[in-house]
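Let's take a walk through this structure together, starting from a single residue and ending where two chains meet. Please keep the viewer open as you read.

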Amino acid sequence: MSPRDRQALEAELRDLRAPEEAAARSRTHHAVTLAALRAQQDQETETETQRDSSAAGRLRARLPRDPRPAIVALVAALLAGLMLSPAGASVRGWIQEAIGPEPTTRSVPLKLPAEGSILTVNDGGAWVASQNGSIRRLGDYSQTTFSPRGLNYAVADGRELAAVNAEGDLQWKLLAPGRVADPAWAPSGIRIAYRAGPDLRLIDGDGENDRLFAPNAGAAAGSVWRTDVEGETARDVLAWLGRDGDIRIADVLSSAEPTTIQPAGMVRALTWLTDGRLVVAGDRELAVYSVAGTRESALPLPRGGRVTDIAADPSDQRVALARSTGRAGGGSELLLARVEAGKQRQRVLFSGPGLIVGVAFAPDGSWVGFGWPPADSWLFARPQENTKLLKGIHAAPEISGRFSEGADALLGPGFPEVIDWCC
Amino acid sequence: MSPPDKEENGRLSGRRERRLIRRAQGGSQEAVELLFEAFWPRAYRAAYVVARDQAAAEDIAQEAFLAAIRKLDTFDRRRPFGPWIHRIAVNRAIDWSRSRSLRAEAGPDGLETLAGEGSRPHEDPALDPRADHLQAALAGLTPEHRAIVAMRYVLDLTPGEIAEQLELPRGTVNSRLRRALDQLASELPE
């Protein structure tokens, strides 16, 4: 074979294509994407199991053989701070009714009543409090959110947006074009939404591909994610409140125009239900919109006051709603609202002086946690709809002092707002 | 974020490849997709050249990727990802071709079964007549010769890299490659 013939043959071999390449690529792409998602979930589950076993081992090693003195001390500390504060005095009666006689000991670790960790922010930075009482400071951040499995955290302060892992190690960071607010990690884990100044932006969970998503998007109610899984495809759907007061819903990878919802009044908070419907909290009503964005129903709220936070039950079609009552002398209440079609109702889970700061459901939906600065406590209420009020209340008192590392010596640490409760 | 690295001849640079591996190991779905886009087409083509069966090539390339995904957390990202996944695909295609040869030798039942499998090159409208002749000529080579042709011209490996991956002496690779080209040239129309 001549060199020229060989060159021509080699060129033909380099240009070889296999049959049905596009169809084969499409079929394989689905399988590989799904496998990658499963591998990631398996890896996270395994890591969490290892972490849990090792944490349980450490806890067992520290516990005395007879746990009764420790339990007595624990109950005592849960109540002591609450009883001593002025606002706490007004609830002393029902706490005693719910938990038992007033104890005397104060120094025990923070204990959450359900599995998972609470993410919180105060003047000293962002923190994670685990069920076993351990508290980790993530750094000097004023904004934070969990990754879907709680293995990483998106954190922000000023124009800096970053991700840190469970050990607090920095994974990546960037300087945003504006002040960062409301970071929210999609349930798929693939991307994070955040506000930079007036704009809504997206960035991949690994810190790559930062881009403008919606310019001039407003800044009031944050943005909330939903991940729809259809067959082998997962779609990240984002809902956000625009500057014009309308809500927009969009599949972030779609080029289609966002669905626009025109709410009845001013919107204070948004959240998705587990069935894909959107709950829109205004000062006068709690409206529910279908997956397609059609208004389905509305639950009227008491007149006056203002909604300050909302959280969806991860196990049921319910939300917990914190609101100021607007009554003379101030005061707040925590409402539990069932938003299931045809079974809508609400009840007051808690009412007291001052503001409620942050609301979150436990990952299994068994408790609602919320911050109550007048008693310097985190309170946890069973989200019961039919039983007597004040049954099953859990309190974590003296809460500010537990997150005091790095606090200003003069001003103190500030109250730790309950941001989220995860995994 | 820094801009993406330049790619070399339409392929990922080593730095970008390592970064994608790191991101994929960290759980980035997008990184997995970019690795797929970068490496699947040649894995599929190489598997097809060796196996000569579209359905088998699709399965082999898919299995190679799924195996890689499953082992991603233990993959040493200092190593190049492309040659790793391509070697998996080529080795599996050789194994598949050998097993098919054995089945063909087993009797007419095996041949009938094979006749119904996959699509033939000339049935694909994307292939021009000249490519059709080349595909037919490739079918006349042994799987081992086809593997060397695929690694040299589809995967763009050097004879030294092929020798290392197939654990053959470099001289054997060169001689097989020369013989394969000679045979192909003799079977192609002028």
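The model is predicted, so local features need pLDDT of at least 70 and side-chain atom pairs count only at pLDDT 80 or more, while totals for chains, interfaces and linings use all residues. Residues are numbered from 1 along each chain as its sequence is written, chains are lettered from A and ligands numbered from 1 in the order in which they are written, and side-chain values use heavy atoms, with hydrogens and water left out.

**A glutamate in a strand**

A:E333 lies in strand β22 (residues 332-338) of chain A; strands here are DSSP E runs of at least two residues and helices are H or I runs of at least four, numbered from the N terminus. With a relative accessible area of 6%, A:E333 is buried (under 20% relative accessible area, 1.4 Å probe, protein chains only). Its side chain makes a polar contact of 2.7 Å with that of A:R323; the term means a pair of N or O atoms within 3.5 Å, where within protein one must be able to donate a hydrogen and the other to accept it, and residues adjacent in sequence count only if both atoms are side-chain atoms. Beyond four places in sequence, A:E333 is in contact (heavy atoms within 4.5 Å) with residues including A:P302, A:L321, A:V348 and A:I356. A:F350 is 17 residues away along the chain, yet its C-alpha atom is 5.4 Å from that of A:E333.

β22(A) runs antiparallel to strand β23 (residues 345-352), joined by 7 bridges; strands pair if DSSP finds at least two bridges between them. In this pairing, A:S332 stands opposite A:G352. Within the hairpin, which has 6 residues between the strands, A:G342 takes a positive phi near 80 degrees.

**The chain and its partner**

Chain A has 4 helices and 28 strands, and 51% of its 423 residues are buried.

Here is how the two chains meet:

| Feature of the chain A and chain B interface | Value |
|---|---|
| Residues from chain A | 35 residues |
| Residues from chain B | 42 residues |
| Polar contacts (both at pLDDT 80 or more) | 6 residue pairs |
| Salt bridges | 3 salt bridges |

A salt bridge is a side-chain nitrogen of Lys or Arg within 4 Å of a carboxyl oxygen of Asp or Glu. B:R45 and A:E21 form one, at 2.7 Å, N to O. On the side of chain A that touches chain B, α2(A) gives the largest share, 15 residues.

Note on methods:
Buried < 20%, exposed > 50% of the residue type's maximum accessible area, 1.4 Å probe, protein only.
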